[in-house]
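Welcome! Take a moment to look it over before reading on.

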Amino acid sequence: MNVHVEPRRGGDQTSGVIKLAILAVGGQGGGVVTDWLIDLAEENGYYAQATSVPGVAQRTGATVYYVEMVPETGATPILSLMPSPGDVDIVLAAELMEAGRAIQRGLVTPGRTTLIASSHRAYAVSEKAAPGRGILDAEPVLEAAAQASLRFLSADLDRLAVANGSVISASLFGALAGSEALPFPRAAFEETIRRSGKGVKASLAAFAAGHDAVRAGPAPAADMAAPGEGPAEAPLTAGHAPADVPVPEGLTGPETLRAAYAGLLVRADALPEGAREMARRGLQKVVDFQDVVYGEEYLARVETVAALDRASGREGAALTTAAAKAIANAMAYDDVIRVADIKVRASRMARVKKEVGVGETQLLALTEYMHPRAEEVCGTLPAWLGSAIEKRRWAFNLLDTIVNRGRRVRTDRLRGFLPLYVVSAMRPMRRRLLRHQVELAHLEEWLGTANRLAVTDYDLAVEVLKCRRLIKGYSDTHDRGASKFDRVLSALPVLEGRADGADWLRRLREAALLDEAGTQLDGALKTVSTLDAPASPAA
């Protein structure tokens with residue numbers, strides 16, 4: 001996303017002292033940009049001063065770097081140590097919500113401030129910790145930025161930096177040069193990067209990308225690829241090849257299994273039109289989780305719902321779409337095998353190296369925090385054995401005493417990597433393990449309820465399917481979500497047969513997503529419990 005707002009009328013912001021604030025969090029290079037600015041100013045006849053106020057790590061607060069520069073006259077000027085509301089010429093925000101925080105602080109002023117921000121999101125702890133969707137809406141920030149500033153320039157500077165093998169500090173510096181808000185030519189900015197002597201080639205490439213992005217204006221929507229397009233790239237471990245079905249390009253695995261997966265895609269495309277894309281994504285997820293046969297089981301369940309959807313005569317395939325998403329999430333649950341598999345994948349190691357910027361001559365130390373409980377251990381045992389241990393409290397408690405302790409595992413070393421690799425290799429055994437049988441029984445009960453309701457109350461059935469989003473995560477997180485799921489669906493006997501039953505179930509689900517402790521859900525359930533109570537006689 002590129003945003004380019006033309007300047008409104010304002011004074012000359014390059015005369016006298018130039019005041020510039022940078023808002024960035026750890027790892028975004030705010031300090032690097034500050035150092036470059038000081039060097040840029042001093043090499044071009046300006047006296048410059050920089051200060052910084054550190055924020056809290058892990059996305060709960062940004063560091064504010066503040067730079068003031070003034071043409072060199074021989075005398076030492078008196079400059080401010082902190083930005084003042086209404087008195088900042090240029091604001092650089094290394095993430096979109098930091099631009100919003102700058103506006104809230106009064107650092108962005110109409111008629112004066114040039115606001116330059118990266119449009120990407122680095123989610124705050126509060127957004128990640130929300131039980132439901134806690135991601136803040138970007139549109140109000142974009143609107144406020146355009147209204148509150150003299151000029152607002154924005155592009156996905158993080159993506160541009162990564163695409164050029166660099167970090168956002170370089171593309172942010174390029175965007176500043178492209179804004180022409182400072183009285184220095186582009187060549188002076190580039191020479192500053194060269195003098196730094198670190199990652200010069202990649203930094204200059206990212207600089208050029210950032211420079212050009214803010215000068216190009218809004219990017220056409222066609223530049224953004226639709227999510228889910230292109231062939232799935234899932235491991236294939238079982239199945240049979242249908243005849244005369246083209247094999248998707250880019251799909252890895254034996255030819256027979258690739259053809260089998262292609263046949264499943266054909267089945268997904270035969271579903272109601274509105275649900276096809278979701279079914280394709282769900283299919284990819286469950287095959288990646290287990291195998292092609294598991295994908296066949298997934299489509300069989302979705303096709304059963306689709307038949308009910310067609311019989312209902314409703315338009316839009318809301319029931320099938322909800323089922324395609326919810327069934328995939330239910331079948332691809334997070335168990336010990338899945339967690340281990342994700343941690344030992346070569347693609348994950350490559351992603352971590354890319355994110356932290358590991359050079360060719362550098363070594364990466366990667367430590368995983370593991371906290372297994374007896375429940376997870378029993379879940380990875382054959383169903384008969386795991387169930388026997390869980391039924392014997394003394395055996396279960398003894399096992400929990402042995403395993404329930406925090407462990408730090410170095411997966412960059414063979415000693416730590418090998419045990420996780422062995423656990424991930426248990427995937428072919430998954431169907432015989434206790435956890436799988438428990439999850440399968442829960443899935444069948446929940447889906448059976450939705451299928452039953454689809455015949456008499458279509459909208460309520462859709463809401464029952466959507467309630468699956470309450471269950472996610474691993475270990476304690478999964479248990480809390482499952483508890484909320486059960487409590488929400490416990491209201492079905494009251495809601496079935498009511499014209500507003502679907503609305504009430506949706507409200508219960510939203511209440512369950514509002515807080516971790518479930519206080520909102522408790523109140524909502526108390527309200528629902530009164531729905532069948534006889535009305536009080538009029539006074």
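What follows is a briefing on salt bridges, grouped by pair.

Please keep in mind that this is a predicted model. The structure holds 37 salt bridges, and a few of them are picked out below.

**Arg121 and Glu95**
- Arg121 forms a salt bridge with Glu95, and their closest N and O atoms lie 2.5 Å apart.
- This pair links distant parts of the chain, 26 residues apart: Arg121 sits in the loop between strand E6 (114–118) and helix H3 (125–129), and Glu95 in the loop between strand E5 (90–93) and helix H2 (96–104).
- Arg121 counts as buried because its relative accessible area is 18%, under the 20% cut-off.
- Glu95 is buried too, at 1% relative accessibility.

**Glu297 and Arg431**
- Glu297 forms a salt bridge with Arg431, with 3.8 Å between the closest N and O atoms.
- The two partners are 134 residues apart, Glu297 being in helix H11 (residues 292–312) and Arg431 in the loop between helix H18 (414–424) and helix H19 (434–456).
- Glu297 is partly exposed, with a relative accessible area of 28%, and Arg431 is partly exposed with a value of 28%.

**Arg430 and Asp335**
- Arg430 pairs with Asp335 in a salt bridge whose closest N and O atoms are 3.0 Å apart.
- Arg430 lies in the loop between H18 and H19, while Asp335 is in the loop between helix H12 (318–331) and helix H13 (336–344), 95 residues apart.
- Both Arg430 and Asp335 are buried.

Notes: Residues numbered from 1 in each chain as written. Predicted model: local features only at pLDDT ≥ 70, side-chain atom pairs only at ≥ 80, totals over all residues. Heavy atoms only, no water. Salt bridge = Lys/Arg side-chain N within 4 Å of Asp/Glu carboxyl O. Helix = DSSP H or I, 4+ residues; strand = E, 2+ residues; numbered from the N terminus. Buried < 20%, exposed > 50% of the residue type's maximum accessible area, 1.4 Å probe, protein only.
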